[in-house]
Amino acid sequence: MGGTLVIAEIQDGKVRKSTLSAIRFAKQVGGPFAILALGAGVGAAAQELAGFGAQKVIVVDDAALKSYTCERFAPTVAKVAKDGGWDTVAVTASAFGKDLAPRVAVKLAAGYAADINLVKVDGGKRSYRRPTYAGNAFSWLEITTPAHVVSVRQTEFAAAAPSGGSSPTETAARAPDDAAAARVEFVSLEVGKSERPDLGEARVVVAGGRSLKEQFNQVLEPLADGLGAALGASRAACDAGYAPPEVQVGQTGRTVAPQLYFAIGISGAIQHIAGMKGSKVIVAVNKDGDAPIFQIADYGLVADLFVAVPELVKELKAQS
Amino acid sequence: MNIYVCIEQVPDADARIQLNADSTGIATEGVKWVLSSCDEFAVEEALRLREKNAGSTVTVLSTGPTRVVEAIRAAMAMGADNGIYVETPETADDNLTAKALAGALKNEAKVDIVFTGKGDEDQGTAQVSQLLSEFAGLPCVTLVLSAEYGASSVKCKRAIEGGAFEIVECPLPAVIGVENGINEPRFPSLLKTIKSGKKDVKALQMADVGVGDGDQKTRFKNFRLAPPKRVNKIRGGPVTQAKELVRLLHEEAKVV
């Protein structure tokens, strides 16, 4: 019958906002779609997901799925997709989606379009656009197998809004774990005590480079605090230990597209730009007026960041 | 332990990316190709594990056109013992690549652990670790920030969104995808660089590892370069600059 199976990302029984981007994708390509809610204690999440106009919400509620490991999740996703005849499996390219999708693709013998930022349907034929070479180029990708697995960029597929109505729910059983891989054990989840919004969901991101050295937090935090921003960092700053690796923005880190992005002391290596060029407004502060970051910034200050940032903090307070 | 590392050769970070004549990929002439900096972390992790387990070997695996042998030698210059290379087309997709790597691993007598980098600085898909583990029938943990290696399992800390970390225990053999920054990769030594040039890198064809053109499941077409943008550089002293920037953010961009 075809159609899209959207995999919901559920944590502690709650639907993560990332899910809504995969729903947006399903609506864009058209045709029927279902949402798969899998986990343990996902009843409330399934109810919430019923409000997005899906043909149905498929619920796999099983204690063994309490925490995510791809060895437990991937077989079930593949089974539900096969049993329902869904020809496309879509998930948002979060840490969860990026880990899960390739495994599902192999199980379905499907081609996988990873981290796409646009989809085009032309005479029933679909092309997926994705950034390559650190965002220096775009390429259009075609999948040559009947089944497609797709992960979509959260920053480029706006969260779908509830469309009212209530999709029927049906339950499905969990598939057996992978034989070779079933022994992967989820031990625990450590949640950081950050008061800041998540990088991927923040409206404003303040990111710093290596030149901040040990003063990374001391300089950037007042600016981030004033704007309710998330903190990010260049890879050089993370590799040097001035910022933790999980806040790295770039090709090999997180991809962000906030309303406002501050690049403070970041020269703008193409790998960094790849992770933030989708930001609506980019402000760059750098001593070197020829730094490549100015090629993609909207507003630039050629200035000593240790002077400019405190001044900016003062001025934001004064003009707010 | 028999330790394996899958690596990738990518264009140098400073390379100017241009398209080829029919826009099906990038122009490869004049591009400097290097060992992916993400994979240096994987190589380093493998070398450290070898140092803790006497009698272990580190074997580096890669696929692609013949030029990738240079990247294997770069990993050998860091200290890896052996290299294996499967010749695949320039246009091979991740599915074919991963299946070829898994096929090469299956040819080996005993595999205890396979390291991969976060990888994919070129296409940016970062999916080879998971695909390869599925083809090889091995468990896989990605985004590993730190790991404790036991005799038969490895305990991994992996970074997910929202400042949270998952702790996962995984039996060996397994595929461990390391996060950038898990360690500090060593520089290649001059002596090892010279020696690595003389070491054999085992060359395999696709048929040797049980893959064919039919394992290509996606096709790239129509590459486009991203368009440039114009910046408004704000002039003046620090106070003037700050005032003007905040004004523009309020009144023009309307984002604060």
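**Helix packing and nonpolar cores**

In chain B, helix α2(B) passes helix α5(B) in a right-handed crossing. The residues in contact are B:Arg73, B:Met76, B:Ala77 and B:Met78 on α2(B), and B:Lys192, B:Thr193, B:Ser196 and B:Gly197 on α5(B). Sorted by class, this contact comprises three nonpolar, three polar and two charged residues. The model described here is predicted.

Two packed helices are described by the angle between their axes and the distance between the axes. Helix α2 of chain B covers residues 69–78 and helix α5 of chain B covers residues 190–198; their axes come within 8 Å and cross at roughly 135°. Angles over 145 degrees would count as roughly antiparallel and those from 65 to 115 as roughly perpendicular; α2(B) and α5(B) are therefore oblique to each other.

Chain B as a whole contains six helices and 13 strands. Its C-alpha trace spans about 65 × 45 × 40 Å along the principal axes. Chain B has 256 residues, of which 56% count as buried. Among its contacts between residues at least 6 apart in sequence, 69% join residues at least 24 apart.

The largest nonpolar core holds 58 residues, and within this core A:Tyr261 and A:Phe262 touch the most other members. With residues up to four places away in sequence not counted, A:Tyr261 touches A:Val205, A:Ala207, A:Val249, A:Val256, A:Ile266, A:His272, A:Met276, A:Ser279, A:Val281, A:Ile282 and A:Val283. A second, separate core has 37 residues, among them B:Ala42, B:Leu47, B:Ala71 and B:Ala75.

Key: Residues are numbered from 1 along each chain as its sequence is written. Chains are lettered from A and ligands numbered from 1 in the order in which they are written. This is a predicted model: local features need pLDDT of at least 70, side-chain atom pairs count only at pLDDT 80 or more; totals for chains, interfaces and linings use all residues. Side-chain values use heavy atoms; hydrogens and water are left out. Axes are lines fitted to C-alpha atoms, for helices over the stretch in contact, and angles run from 0 to 180 degrees between N-to-C directions. Helices (H or I, at least four residues) and strands (E, at least two) are DSSP runs, numbered from the N terminus. Angles under 35 degrees count as roughly parallel, over 145 as roughly antiparallel, 65 to 115 as roughly perpendicular and the rest as oblique. A crossing is left-handed if the near helix is turned anticlockwise from the far one by less than a right angle, and right-handed if clockwise. Contact means heavy atoms within 4.5 Å. Ala, Val, Leu, Ile, Met, Phe, Trp, Tyr, Cys and Pro count as nonpolar, Asp, Glu, Lys and Arg as charged, and the others, Gly among them, as polar. A nonpolar core is a set of buried Ala, Val, Leu, Ile, Met, Phe, Trp, Tyr and Cys residues joined through side-chain atoms within 4.5 Å. Buried means under 20% relative accessible area, exposed over 50%, partly exposed in between (1.4 Å probe, protein chains only).
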